[in-house]
Amino acid sequence: MPPPAAALAWLSIATIAVAAVAVAIVSSSVGGIGVNWGTQMSHPMLPTTVVRMLKANGISQVKLFDGDAWTVGALAGTGIEVVLAIPNDQLARMSSSYDNAKKWVKENVTRYDHDGGVNIKYVAVGNEPFLKSYNGSFLRTTFPALKNVQKALDEAGVGNRIKTTVPLNADVYSSPDDDPVPSAGNFRSDICELMVQIVRFLRDHNAPFVANIYPFLSLYQNHGFPVAFAFFDGGGPTIDDKGAHYTNVFDANYDTLAWSLKKAGVPNMPIIVGEVV
Ligand SMILES: *[C@@H]1O[C@H](CO)[C@@H](O)[C@H](O)[C@H]1NC(C)=O
Ligand SMILES: *[C@@H]1O[C@H](CO)[C@@H](O)[C@H](O)[C@H]1NC(C)=O
């Protein structure tokens, strides 16, 4: 195994707001409990109601998918750590002009950055922008957008506390079919160079790598996927790799990322698991 790169890992343990919100409770053995709070819901709830639920469940970290003012405002004064996001459809705007990034930071970050305001920790630039099914639509805009937004945060004087990152789907890295062990992992060949540049930028700004890992999608989307390997309680097939012994796809996937980061020259980068399904 590569050196443990985990600083904060969020694992899915349950879903609150049954059938209502794209809110998944995530817990961690390392860094605390976080929730993804989306706004596409079958039963819309008032942001103040959601915030009350978060507090009642002891949730101290939340990841949003945009900067909706009503939602963000509801988190003011709670101390809850917030990941704010710039949606993919805004990446072109953020990459084409530094001024747009500056305005975004002013309207969506610094206005909340005061006593009794919102405890923003990260800005997520895009959401899984390199997903294979996007056909490369965001390949040219994501990194320039990332750089512009981090620069705008730095210039606004908050860049030492508020970091940019890019939540990426686990499909940005993999191990070859003929050598399916974590230590053989690397970033996808079509984006490998870009990924190396991005992770080195993140390292230079003390920002974490955010990966979304979906053991159950692996299970449901692949015929013949060994069911027990999707769960943490073992009893299924295992993978042996250079002395490491994997009993579930989550650990194997996580370490495939850790190896990929090591090969990119950033072996100690903190990894945050942004979503797990
Ligand atoms: C701030 O974020 C909101 C919500 O994502 C977005 O609609 C708005 O355009 C952003 N503001 C600027 C100045 O980019
Ligand atoms: C990607 O390409 C496929 C096949 O050509 C197409 O069906 C799909 O709509 C495209 N998706 C996007 C986001 O452009």
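Helices here are DSSP runs of H or I with at least four residues, strands are runs of E with at least two, and both are numbered from the N terminus. Asn108 is found in helix H4.

## Model and conventions

This is a predicted model, in which local features need pLDDT of at least 70, side-chain atom pairs count only at pLDDT 80 or more, and totals for chains, interfaces and linings use all residues. Residues are numbered from 1 along each chain as its sequence is written, chains are lettered from A and ligands numbered from 1 in the order in which they are written, and side-chain values use heavy atoms, with hydrogens and water left out.

## Overall fold

The protein has eight helices and 14 strands. Of its 277 residues, 52% are buried. Buried means under 20% relative accessible area, exposed means over 50%, and partly exposed lies in between (1.4 Å probe, protein chains only).

The accessible surface of the protein is about 12700 Å², and carbon and sulfur atoms hold 53% of it. Areas come from the Shrake-Rupley method with a 1.4 Å probe; for residues, only the protein chains shown count as cover. A contact means heavy atoms within 4.5 Å. Among contacts between residues at least 6 apart in sequence, 62% join residues at least 24 apart.

## The shell around ligand 1

Ligand 1 is surrounded by Asp66, Gly67, Asp68, Arg93, Lys103, Trp104, Glu107 and Asn108. A residue belongs here if one of its heavy atoms lies within 4 Å of the ligand. Helix H4 (residues 98-108) gives the largest share of this shell, four residues. By class, the shell has one nonpolar, two polar and five charged residues. The classes are: nonpolar for Ala, Val, Leu, Ile, Met, Phe, Trp, Tyr, Cys and Pro; charged for Asp, Glu, Lys and Arg; polar for the others, Gly among them.

## Polar contacts to ligand 1

A polar contact is a pair of N or O atoms within 3.5 Å; within protein, one must be able to donate a hydrogen and the other to accept it, and residues adjacent in sequence count only if both atoms are side-chain atoms. Asn108 places a polar side-chain atom 2.5 Å from an oxygen atom of ligand 1. For Arg93, a polar side-chain atom lies 2.9 Å from an oxygen atom of the ligand. Glu107 has a polar side-chain atom 3.2 Å from a nitrogen atom of ligand 1. The protein covers 69% of the 360 Å² of accessible area that ligand 1 has on its own.

Asn108 counts as buried because its relative accessibility is 10%. Leaving out residues up to four places away in sequence, Asn108 touches Gly67, Leu84 and Ile120.

## Salt bridges

The whole structure holds six salt bridges. Each is a side-chain nitrogen of Lys or Arg within 4 Å of a carboxyl oxygen of Asp or Glu. One of them joins Lys103 to Asp99, with the closest N and O atoms 3.2 Å apart. Both residues lie in helix H4, four residues apart, about one turn of the helix. Lys103 is exposed at 52% relative accessibility. Asp99 is partly exposed at 37%.

Asp171, Arg188 and Asp190 form a linked network of salt bridges. Arg188 and Asp190 meet at 2.8 Å, N to O. Arg188 also pairs with Asp171, the closest N and O atoms being 3.6 Å apart. This pair links distant parts of the chain, 17 residues apart: Arg188 sits in the loop between strand S10 (186-187) and helix H6 (192-204), Asp171 in the loop between strand S8 (168-169) and strand S9 (173-174). Arg188 is buried at 12% relative accessible area, and Asp171 is buried at 18%. Asp190 is exposed at 52%.
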